[in-house]
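Have the structure open as you read.

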Amino acid sequence: MPSNVKDMMAAANAVVPKITADEARKLIAGENALVVDVRDAPEVQASGKVKGAINISRGMLEFRADADTPYHNAELRKDRPVILYCASGGRSALSGKLLKDMGYQKVYNLGGFKDWAENGGETEPAN
């Protein structure tokens, strides 16, 4: 079991593939992938989000991803690809590992919001 952040990141990166903006666009268009912003609400409010993404902060992800909790978000389904991102890619990698541990199969790390925006990805204001 990892005992520090470095080990946790290595474990997450080993099981959650990092994808490019182009790969993400293909998954969204071709497989109806769900895009999840795991940043905290103030970060999303300040910068906006990937167009069509939902915001679930990393601290609530387990509850939103578990169909047996009253907090479950029905858009999170184990049969649907999930693309995660945060500010720089660390929280999204750790979140991806969490979803994998919960039985989600198709989980991807887009990395940081800034990378998406700088590579021509569509954005929108936070809801």
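Tyr71 counts as partly exposed, because its relative accessibility is 45% (buried means under 20% relative accessible area, exposed over 50%, partly exposed in between, with a 1.4 Å probe and protein chains only). Phe63 is partly exposed as well, at 38%.

This is a predicted model, in which local features need pLDDT of at least 70 and side-chain atom pairs count only at pLDDT 80 or more, while totals for chains, interfaces and linings use all residues. Residues are numbered from 1 along each chain as its sequence is written, and side-chain values use heavy atoms, leaving out hydrogens and water.

Rings of Phe, Tyr and Trp (its six-membered ring) pair if their centres lie within 6.5 Å, with planes under 30 degrees apart called stacked, over 60 edge-to-face and the rest tilted. The count comes to 2 aromatic pairs. Phe63 and Tyr71 form an edge-to-face pair, because their ring centres are 6.1 Å apart and their planes stand at 85°.

Charges also sit over rings (NZ of Lys or CZ of Arg within 6 Å of the ring centre and within 35 degrees of the ring normal):

| Charged residue | Ring | Distance to ring centre |
|---|---|---|
| Arg25 | Trp116 | 5.3 Å |
| Arg39 | Phe113 | 4.7 Å |

Now to the strands (DSSP runs of E, at least two residues, numbered from the N terminus). From strand S1 (residues 34-37), Leu34 and Val36 point one way and Val35 and Asp37 the other, and all are buried. Strands pair if DSSP finds at least two bridges between them. S1 runs parallel to strand S4 (residues 82-86), joined by 4 bridges, and Asp37 stands opposite Tyr85 in S4.
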